[in-house]
Amino acid sequence: NSCHNVGMGGMDYQKTSTGHGWKQGPRNAPTVLNSVYNVAQFWDGRAKDLAEQAKGPVQAGVEMNNTPAQVVVTLKSMPEYIELFKKSFPGEKDPVTFDNMAKAIEVFEATLITPDSRFDKYLKGDSKAITKAEKKGLKLFMDNGCAGCHSGVNMGGDGYYTMGVMEKPSEAIMAGDKGRFKVTEAKDDEFSFKSPSLRNIDLTAPYFHSGAVWSLKDAISVMNVAQLGSAMTEDDLTFIEAFLRSATGKQPKVVHPILPAATDKTPKPSLD
(Lines give C-alpha, C1' and ligand atoms only; values in the text may rest on other atoms or scores of the structure.)
Protein backbone atom coordinates (compact mmCIF):
# COMPACT_ATOMS: atom_id res chain seq x y z
CA ASN A 1 0.00 0.00 0.00
CA SER A 2 2.99 2.35 0.35
CA CYS A 3 3.51 2.08 -3.43
CA HIS A 4 -0.12 1.36 -4.37
CA ASN A 5 -2.17 3.50 -2.01
CA VAL A 6 -5.84 2.68 -2.49
CA GLY A 7 -6.71 6.17 -1.25
CA MET A 8 -4.58 7.76 -3.99
CA GLY A 9 -5.78 6.03 -7.13
CA GLY A 10 -3.80 2.89 -6.34
CA MET A 11 -0.37 4.47 -6.73
CA ASP A 12 2.04 6.72 -4.77
CA TYR A 13 2.33 10.08 -6.57
CA GLN A 14 6.08 9.63 -7.13
CA LYS A 15 8.10 9.44 -10.34
CA THR A 16 9.45 6.10 -9.13
CA SER A 17 8.73 4.49 -5.80
CA THR A 18 10.90 4.61 -2.70
CA GLY A 19 11.95 1.19 -1.46
CA HIS A 20 14.32 -0.54 0.94
CA GLY A 21 17.11 1.70 2.22
CA TRP A 22 15.35 4.69 0.60
CA LYS A 23 16.38 3.45 -2.83
CA GLN A 24 14.39 4.66 -5.84
CA GLY A 25 12.95 2.00 -8.12
CA PRO A 26 13.58 2.09 -11.86
CA ARG A 27 9.94 2.50 -12.92
CA ASN A 28 6.78 4.33 -11.96
CA ALA A 29 4.42 2.26 -9.82
CA PRO A 30 1.37 1.44 -11.96
CA THR A 31 -2.03 1.69 -10.33
CA VAL A 32 -3.30 -1.45 -8.66
CA LEU A 33 -6.90 -0.45 -9.41
CA ASN A 34 -8.50 -2.65 -12.09
CA SER A 35 -5.18 -4.50 -12.48
CA VAL A 36 -7.06 -7.78 -12.50
CA TYR A 37 -8.15 -6.92 -16.06
CA ASN A 38 -4.58 -6.57 -17.38
CA VAL A 39 -3.21 -9.19 -19.76
CA ALA A 40 -0.21 -9.49 -17.44
CA GLN A 41 1.43 -7.45 -14.69
CA PHE A 42 4.28 -4.92 -14.52
CA TRP A 43 5.11 -2.49 -17.33
CA ASP A 44 6.92 -5.28 -19.18
CA GLY A 45 4.40 -8.05 -18.46
CA ARG A 46 6.94 -10.27 -16.72
CA ALA A 47 4.34 -11.57 -14.26
CA LYS A 48 1.50 -13.60 -15.76
CA ASP A 49 -1.01 -12.76 -13.02
CA LEU A 50 -1.49 -10.91 -9.74
CA ALA A 51 -0.25 -13.79 -7.58
CA GLU A 52 3.02 -13.94 -9.47
CA GLN A 53 3.29 -10.17 -9.40
CA ALA A 54 2.84 -10.12 -5.61
CA LYS A 55 5.99 -12.19 -5.15
CA GLY A 56 8.25 -9.88 -7.12
CA PRO A 57 8.39 -6.66 -5.06
CA VAL A 58 8.71 -8.63 -1.82
CA GLN A 59 11.99 -10.11 -3.05
CA ALA A 60 13.36 -7.16 -5.06
CA GLY A 61 16.37 -5.56 -3.39
CA VAL A 62 15.25 -2.09 -4.41
CA GLU A 63 11.75 -2.65 -3.00
CA MET A 64 11.16 -4.85 0.08
CA ASN A 65 14.47 -6.76 0.01
CA ASN A 66 12.99 -9.87 1.59
CA THR A 67 13.10 -13.63 0.94
CA PRO A 68 10.33 -16.23 0.82
CA ALA A 69 11.82 -18.03 3.84
CA GLN A 70 12.01 -14.83 5.88
CA VAL A 71 8.43 -13.94 4.97
CA VAL A 72 7.26 -17.28 6.35
CA VAL A 73 9.33 -16.82 9.53
CA THR A 74 7.79 -13.37 10.01
CA LEU A 75 4.21 -14.55 9.46
CA LYS A 76 4.63 -17.58 11.73
CA SER A 77 6.00 -15.36 14.50
CA MET A 78 2.50 -13.87 14.93
CA PRO A 79 -0.15 -16.33 16.19
CA GLU A 80 -2.99 -14.28 14.72
CA TYR A 81 -1.58 -14.68 11.22
CA ILE A 82 -1.28 -18.43 11.71
CA GLU A 83 -4.97 -18.61 12.58
CA LEU A 84 -5.94 -16.38 9.67
CA PHE A 85 -4.03 -18.58 7.24
CA LYS A 86 -5.68 -21.71 8.67
CA LYS A 87 -9.11 -20.17 8.10
CA SER A 88 -8.23 -18.93 4.62
CA PHE A 89 -6.63 -22.19 3.42
CA PRO A 90 -8.58 -24.93 5.21
CA GLY A 91 -7.35 -28.48 4.93
CA GLU A 92 -3.71 -27.59 4.32
CA LYS A 93 -1.25 -29.10 6.77
CA ASP A 94 0.98 -26.03 6.75
CA PRO A 95 -0.98 -23.11 5.25
CA VAL A 96 1.51 -20.35 6.10
CA THR A 97 3.52 -20.37 2.87
CA PHE A 98 4.95 -17.78 0.52
CA ASP A 99 2.63 -19.00 -2.25
CA ASN A 100 -0.43 -18.62 -0.04
CA MET A 101 0.67 -15.12 0.94
CA ALA A 102 0.72 -14.23 -2.76
CA LYS A 103 -2.68 -15.85 -3.34
CA ALA A 104 -4.19 -13.80 -0.50
CA ILE A 105 -2.83 -10.59 -1.97
CA GLU A 106 -4.09 -11.65 -5.41
CA VAL A 107 -7.70 -12.16 -4.33
CA PHE A 108 -7.69 -8.87 -2.43
CA GLU A 109 -6.33 -6.95 -5.41
CA ALA A 110 -8.97 -8.50 -7.63
CA THR A 111 -11.61 -6.64 -5.60
CA LEU A 112 -10.05 -3.25 -6.37
CA ILE A 113 -12.18 -2.28 -9.35
CA THR A 114 -13.72 1.08 -10.16
CA PRO A 115 -17.06 0.73 -11.96
CA ASP A 116 -19.69 3.32 -12.79
CA SER A 117 -17.59 6.12 -14.19
CA ARG A 118 -19.56 8.73 -16.09
CA PHE A 119 -18.13 7.22 -19.28
CA ASP A 120 -19.41 3.79 -18.22
CA LYS A 121 -22.86 5.28 -17.71
CA TYR A 122 -22.67 6.87 -21.15
CA LEU A 123 -21.79 3.49 -22.68
CA LYS A 124 -24.81 2.01 -20.93
CA GLY A 125 -27.12 4.48 -22.65
CA ASP A 126 -27.16 7.61 -20.51
CA SER A 127 -26.44 10.21 -23.18
CA LYS A 128 -26.25 12.98 -20.59
CA ALA A 129 -23.61 11.28 -18.46
CA ILE A 130 -20.80 13.10 -20.26
CA THR A 131 -20.68 16.66 -21.55
CA LYS A 132 -20.54 17.89 -25.13
CA ALA A 133 -16.83 18.65 -24.71
CA GLU A 134 -16.21 15.14 -23.39
CA LYS A 135 -18.15 13.63 -26.29
CA LYS A 136 -16.00 15.62 -28.70
CA GLY A 137 -12.92 14.32 -26.87
CA LEU A 138 -14.21 10.76 -27.23
CA LYS A 139 -14.67 11.25 -30.97
CA LEU A 140 -11.13 12.62 -31.29
CA PHE A 141 -9.86 9.71 -29.17
CA MET A 142 -11.47 7.25 -31.56
CA ASP A 143 -10.77 9.06 -34.85
CA ASN A 144 -7.07 9.60 -34.15
CA GLY A 145 -6.32 6.01 -33.16
CA CYS A 146 -5.88 6.33 -29.39
CA ALA A 147 -8.26 3.41 -28.89
CA GLY A 148 -5.91 1.17 -30.82
CA CYS A 149 -3.81 0.79 -27.67
CA HIS A 150 -6.37 1.80 -25.04
CA SER A 151 -9.49 -0.28 -25.57
CA GLY A 152 -11.37 -3.05 -23.84
CA VAL A 153 -12.86 -3.12 -20.36
CA ASN A 154 -9.77 -1.50 -18.85
CA MET A 155 -9.14 1.05 -21.60
CA GLY A 156 -5.68 -0.44 -21.95
CA GLY A 157 -3.57 -3.11 -20.29
CA ASP A 158 -4.43 -5.67 -22.97
CA GLY A 159 -1.24 -5.66 -25.04
CA TYR A 160 2.30 -4.37 -25.61
CA TYR A 161 3.13 -1.44 -27.85
CA THR A 162 6.35 0.20 -28.96
CA MET A 163 6.97 3.69 -27.62
CA GLY A 164 7.93 5.97 -30.49
CA VAL A 165 6.13 4.58 -33.53
CA MET A 166 6.26 7.97 -35.22
CA GLU A 167 8.89 9.76 -33.14
CA LYS A 168 10.85 8.51 -30.15
CA PRO A 169 10.05 10.48 -26.98
CA SER A 170 12.77 12.37 -25.15
CA GLU A 171 15.35 10.51 -23.09
CA ALA A 172 13.81 12.07 -19.99
CA ILE A 173 10.68 10.06 -20.75
CA MET A 174 12.33 6.88 -22.02
CA ALA A 175 14.96 6.83 -19.23
CA GLY A 176 17.06 4.29 -21.12
CA ASP A 177 14.42 1.64 -20.52
CA LYS A 178 13.95 -0.98 -23.26
CA GLY A 179 10.75 -2.28 -21.70
CA ARG A 180 9.60 -5.79 -22.61
CA PHE A 181 12.92 -6.45 -24.37
CA LYS A 182 14.41 -7.12 -20.92
CA VAL A 183 11.99 -10.02 -20.56
CA THR A 184 11.96 -11.55 -24.04
CA GLU A 185 15.26 -10.25 -25.53
CA ALA A 186 13.36 -10.11 -28.81
CA LYS A 187 14.40 -7.28 -31.10
CA ASP A 188 10.78 -6.41 -31.88
CA ASP A 189 10.14 -5.86 -28.16
CA GLU A 190 12.69 -3.07 -27.78
CA PHE A 191 11.03 -0.04 -26.13
CA SER A 192 7.74 -1.95 -25.94
CA PHE A 193 5.53 -1.56 -22.87
CA LYS A 194 2.15 -2.82 -21.72
CA SER A 195 -0.31 -0.03 -22.40
CA PRO A 196 -1.53 1.45 -19.11
CA SER A 197 -5.19 1.56 -18.25
CA LEU A 198 -6.74 4.97 -18.80
CA ARG A 199 -9.35 4.41 -16.12
CA ASN A 200 -8.88 6.87 -13.24
CA ILE A 201 -6.06 8.47 -15.22
CA ASP A 202 -6.65 11.84 -13.58
CA LEU A 203 -5.74 10.25 -10.23
CA THR A 204 -2.54 8.52 -11.29
CA ALA A 205 0.02 11.19 -12.22
CA PRO A 206 2.88 11.17 -12.99
CA TYR A 207 2.70 9.31 -16.29
CA PHE A 208 4.68 6.78 -18.34
CA HIS A 209 7.04 4.09 -17.05
CA SER A 210 9.51 6.79 -16.04
CA GLY A 211 6.98 9.01 -14.28
CA ALA A 212 8.54 11.90 -16.19
CA VAL A 213 5.33 13.76 -17.12
CA TRP A 214 3.03 15.22 -14.48
CA SER A 215 0.38 16.91 -16.62
CA LEU A 216 -2.31 14.75 -18.23
CA LYS A 217 -2.61 17.10 -21.19
CA ASP A 218 1.17 16.99 -21.67
CA ALA A 219 1.06 13.18 -21.58
CA ILE A 220 -1.63 13.19 -24.30
CA SER A 221 0.53 15.54 -26.35
CA VAL A 222 3.54 13.25 -26.01
CA MET A 223 1.50 10.28 -27.24
CA ASN A 224 0.07 12.31 -30.09
CA VAL A 225 3.56 13.11 -31.37
CA ALA A 226 5.26 9.81 -30.53
CA GLN A 227 2.56 7.31 -31.45
CA LEU A 228 0.10 8.97 -33.79
CA GLY A 229 1.80 11.81 -35.60
CA SER A 230 -1.61 13.37 -36.05
CA ALA A 231 -2.41 17.04 -36.54
CA MET A 232 -4.35 17.55 -33.32
CA THR A 233 -4.53 21.11 -32.03
CA GLU A 234 -4.21 22.34 -28.45
CA ASP A 235 -8.00 22.49 -28.30
CA ASP A 236 -8.20 18.88 -29.48
CA LEU A 237 -5.83 17.82 -26.71
CA THR A 238 -7.98 19.67 -24.19
CA PHE A 239 -11.10 17.85 -25.40
CA ILE A 240 -9.39 14.46 -25.10
CA GLU A 241 -8.19 15.37 -21.62
CA ALA A 242 -11.76 16.22 -20.65
CA PHE A 243 -12.99 12.90 -22.01
CA LEU A 244 -10.36 10.93 -20.11
CA ARG A 245 -11.35 12.57 -16.85
CA SER A 246 -14.84 11.16 -17.35
CA ALA A 247 -13.39 7.64 -16.98
CA THR A 248 -12.79 7.94 -13.23
CA GLY A 249 -15.01 5.40 -11.55
CA LYS A 250 -16.31 4.62 -8.08
CA GLN A 251 -13.27 4.15 -5.86
CA PRO A 252 -13.09 1.04 -3.65
CA LYS A 253 -13.64 1.71 0.04
CA VAL A 254 -11.11 -0.26 2.02
CA VAL A 255 -11.24 -0.35 5.82
CA HIS A 256 -7.68 -0.26 7.07
CA PRO A 257 -7.09 -3.52 9.00
CA ILE A 258 -5.63 -3.69 12.49
CA LEU A 259 -2.58 -5.80 11.75
CA PRO A 260 -1.51 -8.72 13.96
CA ALA A 261 0.86 -7.60 16.70
CA ALA A 262 4.53 -8.47 16.42
CA THR A 263 6.09 -10.77 19.03
CA ASP A 264 9.59 -11.21 20.38
CA LYS A 265 10.17 -13.75 17.59
CA THR A 266 9.20 -11.33 14.80
CA PRO A 267 12.25 -10.27 12.74
CA LYS A 268 13.06 -6.60 13.18
CA PRO A 269 13.08 -4.27 10.17
CA SER A 270 16.49 -3.39 8.79
CA LEU A 271 17.89 -0.92 6.27
CA ASP A 272 21.00 -3.03 5.67
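Biologist: Is phenylalanine 85 buried or exposed?

Modeller: Phenylalanine 85 is buried, because its relative accessible area is 7%. Buried means under 20% relative accessible area, exposed means over 50%, and partly exposed is in between (1.4 Å probe, protein chains only). Before we go on: this is a predicted model, where local features need pLDDT of at least 70 and side-chain atom pairs count only at pLDDT 80 or more, while totals for chains, interfaces and linings use all residues. Residues are numbered from 1 along each chain as its sequence is written, and side-chain values use heavy atoms, with hydrogens and water left out.

Biologist: Thanks! How many aromatic pairs are there?

Modeller: The count comes to 6 aromatic pairs. The rule is that rings of Phe, Tyr and Trp (its six-membered ring) pair if their centres lie within 6.5 Å; planes under 30 degrees apart count as stacked, over 60 as edge-to-face and the rest as tilted. One of the pairs is tyrosine 81 with phenylalanine 85: the ring centres are 6.4 Å apart and the planes sit at 65°, so this pair is edge-to-face.

Biologist: Where do tyrosine 81 and phenylalanine 85 lie?

Modeller: Both lie in helix 3 (residues 79-88), 4 residues apart, which is about one turn of the helix. Helices here are DSSP runs (H or I, at least four residues), as are strands (E, at least two), and they are numbered from the N terminus. Tyrosine 81 is partly exposed, with a relative accessible area of 21%. Ring pairs also link Tyr81, Phe85 and Phe89 into a cluster.

Biologist: What does leucine 75 touch?

Modeller: Not counting residues up to four places away in sequence, leucine 75 touches Tyr81, Ile82, Phe85, Val96 and Met101. Contact means heavy atoms within 4.5 Å. Leucine 75 has its place in helix 2 (residues 68-76), and it is buried, at a relative accessible area of 11%. Its C-alpha atom is separated by 9.5 Å from that of phenylalanine 98, 23 residues apart along the chain.

Biologist: Let's switch to helix packing. At what angle do helix 1 and helix 4 cross?

Modeller: Roughly 115°, and the axes of helix 1 (residues 50-59) and helix 4 (residues 98-109) come within 8 Å. Axes are lines fitted to C-alpha atoms, for helices over the stretch in contact, and angles run from 0 to 180 degrees between N-to-C directions.

Biologist: Which residues meet there?

Modeller: From helix 1, Leu50, Ala51, Gln53, Ala54, Lys55, Val58 and Gln59 meet Phe98, Asp99, Met101, Ala102, Ile105, Glu106 and Glu109 from helix 4. By class, that contact has 8 nonpolar, 2 polar and 4 charged residues. Ala, Val, Leu, Ile, Met, Phe, Trp, Tyr, Cys and Pro count as nonpolar, Asp, Glu, Lys and Arg as charged, and the others, Gly among them, as polar.

Biologist: What about loops? Where is threonine 114 found?

Modeller: Threonine 114 is in the loop between helix 4 and helix 5 (118-123). With 2% relative accessibility, it counts as buried. Its side chain makes a polar contact of 2.8 Å with the side chain of asparagine 34, and there is a polar contact of 2.9 Å with the side chain of asparagine 200. A polar contact is a pair of N or O atoms within 3.5 Å; within protein, one must be able to donate a hydrogen and the other to accept it, and residues adjacent in sequence count only if both atoms are side-chain atoms.

Biologist: And asparagine 34, what is its phi?

Modeller: Phi of asparagine 34 is near 65°, a positive value in a residue other than glycine. Asparagine 34 lies in the segment before helix 1 and is buried, with a relative accessible area of 3%. Tyrosine 13, placed in the segment before helix 1, has a positive phi of about 55° although it is not a glycine.

Biologist: One last thing: which residues does a cis peptide bond join?

Modeller: Alanine 205 and proline 206, with omega about 0°. Alanine 205 lies in the loop between strand 2 and helix 9, and proline 206 is found in the loop between strand 2 (192-194) and helix 9 (216-228). Alanine 205 is buried, at a relative accessible area of 10%. Leaving aside neighbours within four places in sequence, alanine 205 is in contact with Met11, Tyr13 and Trp214.
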